[in-house]
Amino acid sequence: MNLPSSAAAAQRHTSVLVVDDSPVQRAHAVQLCRTLGVDLVYEASDGHEALALLELLVLPPDLLLVDLHMPTMDGVEFITQLHQRDQHIPFLVASSQQAGLIHAVEEMSRDLKLPILGSLAKPLVPEQLAQALERFHAGAHLQSAHSGPRTLPPITARDLCAAIDARQLHVHYQPKVDMRTGIVRGMEVLARWTHPVLGRIGPDQFIALAEKEHLIHDLTLDVMRQALQQVGQWNAHGLRLGLAINLSPRLLGDANIVQEITALTSQHQVAPEQVVLEITESAGVEHLGAAIGVLARLRLKGFGLSIDDYGTGFSSMQQLARLPFSELKIDRSFVHGAHERRNLCIILQSALDMAQRLDLVSVAEGIETMDDWRLLQQYGCAVGQGYLIGRPMPGEEVLPWLRQHQARLPELRRPAGMAPAL
Ligand code: G
Ligand code: G
Ligand code: MN
């Protein structure tokens, strides 16, 4: 066997715990680890046994190799339990299960910020295990292990309130483009906060706080004011870009919001038809009756209404049928990597099919690669958004970006021979 990395691995005194119920597979994994220079290999035949062993060991192993399908305690429960016990040992999933299931475990792990290194198909192949060990030694696990909750001083409602008053919140713009031509349809407005001490704080850290502490109203109006002012300026220069603004469902309980939003748009001479309100679903709708009324009135005034993050949580079919939406924005978890994942393709196709039947403009967010872009074009998605097209950027970068984007249109255009599937 020609294994150049084995010698390198050997110098590092690695210990591995193999968790697998099949004696044959386990023996194979143990043997491979030894061949690759791992100097201490432990074994367990299911999650319970592994947890018991880990309690006994004074020095935990550096790495776990975990099978998924095992009797009594399966691999998923095992890694979840480890997490609950605050044991953050990097692990590799080794499984003969179908790709969709393994992907789901990877996603769950990333979501929970577990130190997953990756997954290997069984039976294990020496080269792949060697590469995984190399990645481990290169510190690939450190990123996920340390990207967990940051231990910064907690942000308080007071900080946020002061920031809104002190105009520390500003906005970035991310393009939404036509998927047939690549031409820009509009810009989504995303709130940003630069704290004088803590630096940049992401909306994932302050939107939920704003919702909980009744600051979302003032925050949203501040964001809207800034964006409308910008769009008013662009309009004045003959550049007519649509605007997409995130609207928390919490705001839909307040009937005044319709009046406040329309007052702002007319003040900046922006037509409601130029604005799409993306209803995010970070918080549920409290008074559905009142919310439907507010949405209906906004729609009657001419605003577009988008259901954001479709496919996660609150955007159930029932809601879609009851609320007067004009756009369906498919969550990026169904978009990113779809070209290589059959399950995602199926979900995408059915979401796009439904959007078409309900006469909604379909939008895919989180497009990062040309492969995913082409796939969505083929499926007939109307509008696309994502890092492939453009990252969120400050207002002053939009004009230079637009000029550069112009040069990419031939590449982005739907190929002549490609007939949309829908
Ligand atoms: O770029 P990004 O990290 O900016 O945004 C993270 C999340 O925060 C997105 O889901 C977006 O919908 C939400 N978000 C960003 N800006 C606003 C805003 O002004 N209002 C609301 N309600 N949500 C926002
Ligand atoms: O849920 P909402 O549509 O409001 O989400 C916007 C969020 O998505 C922002 O945090 C933005 O920075 C992020 N985002 C936009 N495009 C991409 C992308 O292509 N990939 C990833 N991972 N995030 C993206
Ligand atoms: Mn959005």
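This is a predicted model: local features need pLDDT of at least 70, side-chain atom pairs count only at pLDDT 80 or more; totals for chains, interfaces and linings use all residues.
Several polar contacts can be listed between the ligand and the protein. A nitrogen atom of ligand 2 lies 2.6 Å from a polar side-chain atom of Glu-368, while an oxygen atom of the ligand is 3.3 Å from an N or O atom in the side chain of Asp-308.

The protein chain as a whole has 422 residues, of which 50% count as buried, and its secondary structure comes to 16 helices and 15 strands. Among the contacts with a separation of 6 or more, 73% are made by residues 24 or more positions apart. The accessible surface of the chain comes to about 20400 Å², and carbon and sulfur atoms account for 52% of it.

Two aromatic pairs are found in the structure. In one of them, the ring centres of Tyr-173 and Trp-234 are 5.3 Å apart and the ring planes meet at 65°, so the pair is classed as edge-to-face. Because Tyr-173 belongs to strand E6 (residues 169-178) and Trp-234 to helix H10, this pair ties together parts that are 61 residues apart in sequence. Tyr-173 counts as buried, with a relative accessibility of 2%, and Trp-234 likewise counts as buried, at 4%. Trp-193 and Phe-206 also form an edge-to-face pair, with 5.7 Å from centre to centre and 80° between the planes. Here strand E7 (residues 184-195), which holds Trp-193, is linked to helix H9 (residues 203-212), which holds Phe-206, the two residues being 13 apart. Relative accessible area is 1% for Trp-193, which is therefore buried, and 0% for Phe-206, which is buried as well.

Helix H10, which spans residues 216-236, also contains Thr-220. With a relative accessibility of 5%, Thr-220 counts as buried, and a polar atom of its side chain lies 2.7 Å from the backbone oxygen of Ile-216. When residues up to four places away in sequence are left aside, Thr-220 touches Asn-246, Leu-247 and Leu-251.

How values were computed. Residues are numbered from 1 along each chain as its sequence is written. Chains are lettered from A and ligands numbered from 1 in the order in which they are written. Side-chain values use heavy atoms; hydrogens and water are left out. A polar contact is a pair of N or O atoms within 3.5 Å; within protein, one must be able to donate a hydrogen and the other to accept it, and residues adjacent in sequence count only if both atoms are side-chain atoms. Helices (H or I, at least four residues) and strands (E, at least two) are DSSP runs, numbered from the N terminus. Buried means under 20% relative accessible area, exposed over 50%, partly exposed in between (1.4 Å probe, protein chains only). Contact means heavy atoms within 4.5 Å. Accessible areas come from the Shrake-Rupley method with a 1.4 Å probe; for residues, only the protein chains shown count as cover. Rings of Phe, Tyr and Trp (its six-membered ring) pair if their centres lie within 6.5 Å; planes under 30 degrees apart count as stacked, over 60 as edge-to-face and the rest as tilted.
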